[in-house]
Amino acid sequence: MSEPDRLFYSLETDNALPTIIFFCCIHGNEKAGYIALQSVNDFIEKHKKSANANFYTIFGNKEAYIQNQRFINKDLNRIWTKSHLVESSRKAAYVSEYNDLVEIYNILHLVLKDKKGPIYCIDLHTTSGPTRPFVVMNDSIKNRDFVKHLGYPVIFNIESFIEGALLNMLSDLGHVSFGFEAGEHTSKDSVKEFKLFCYRVISNLELIDRQSFIDDGIDNYLKSKQAKYYEIVFRQNLEPQDSFEMIGNFLNFHKLKKGERIARLNDRIISAPSDYRIFMPLYQKKGEDGFFYIKRISNVKLKVAKLIRKLGFEHLLTILPGINMVNHYTLAIPDPLIKYIPKRLLFALGYRKSVEMEENKTYFTKQERKITALPKLNAFVSPYKYNK
Ligand SMILES: [Zn+2]
């Protein structure tokens, strides 16, 4: 199997226009995204005269792709953190994924550097078990507005459970960024779903004129319903030494009954604590997530949350002694006060992640960010070839 190019397509029209970046094979064994993007790229190339955007498609884990593995040494979707970026430039111990990390980072740096228009980052994945397609994203109003009309179930609050995902970094920079899971790794339908999804995104954003979709007979497939929203309430963490197995064949989104047996973890049986839905059950050997529990959020709740976010309701909280805004996305709450402030309220305001930064004080962060530049990764000489 030959090694794919890192930046396997780019179309640069105008820095003032929107930019869309598609990623695939961040997990090496999820090849359907790569196959689909090659067709999508052909479509873009064919209609480039009617393009109103800059397009880039970036390949993820090269070595794992060749070996048909999720990853070789480290999960490439868990290392987009400062400590790994620093570590990657030291080259102390060999980590295959650090090559990918550094190359992708440098491409992103160059791509994002001069762009003035909105940036959309989309990461394509597949799952080890069968599923209907869905969108997974961090909870920001920008992201919500974007996925509203794509017609897929939307799962949010992933940022509270997963550290170091590529999309976390891009979302922290203030860009619209989300993941799309098309179906099972090797299913032909996954390729089809990816293509349809990419066309929907491109068409919804009007990145290519509508007429091009009509000319190619794709137009009829682009209609979609309103999204349904779910939030993640629990993630089953797995350590490398754990022995883990799902009990039975759960379809993604399957509605659980309280007490239903779900999985075996080191000879302990895990049962559903409530009537949640099961999400992304692990049916392959490698992975740090055994499964998640999700629950539906009503559209009414979402509307109320959007309204109180827009009104900047958190500023009212700062009237209480000791509570203050550290910056526009961080709220600091003294520990003795936390029990009086409902978690649901903080969630509704978008404050989903908490870290203890100083003694007796917890910092809650939200995903509404201002656009920030990606700093240069100094220690590395870029292998980036500008294929104009
Ligand atoms: Zn994946």
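Strand β5 (residues 134-137) runs antiparallel to β7, with four bridges joining the two; here, strands count as paired if DSSP finds at least two bridges between them. Within this pairing, methionine 137 has phenylalanine 178 of β7 as its bridge partner. Helices (H or I, at least four residues) and strands (E, at least two) are DSSP runs, numbered from the N terminus. The model is a predicted one, in which local features need pLDDT of at least 70 and side-chain atom pairs count only at pLDDT 80 or more, while totals for chains, interfaces and linings use all residues. Residue numbers start from 1 along each chain as its sequence is written.

Strand β7 also pairs with β4 (residues 119-127), this time in the parallel sense over seven bridges. There, threonine 127 stands opposite glutamate 184. Eight of the nine residues of β7 (residues 176-184) are buried, so the strand is largely enclosed by the rest of the structure. A residue is called buried if 20 or more other C-beta atoms, placed from the backbone, lie within 10 Å of its own.

Turning to the helices, the axes of α1 (residues 32-46) and α7 (residues 188-204) come within 8 Å and cross at roughly 45 degrees. Axes are lines fitted to C-alpha atoms over the stretch in contact, with angles from 0 to 180 degrees between N-to-C directions. The contact involves Ala32, Gly33, Ile35, Ala36, Ser39 and Val40 of α1, together with Ser190, Val191, Phe194, Lys195 and Cys198 of α7; contact means C-beta atoms, placed from the backbone, within 7 Å.

Definitions and conventions:
A residue is buried if 20 or more other C-beta atoms lie within 10 Å of its own, exposed if 12 or fewer, and partly exposed in between; C-beta atoms are placed from the backbone. Two residues are in contact if their C-beta atoms, placed from the backbone, lie within 7 Å.
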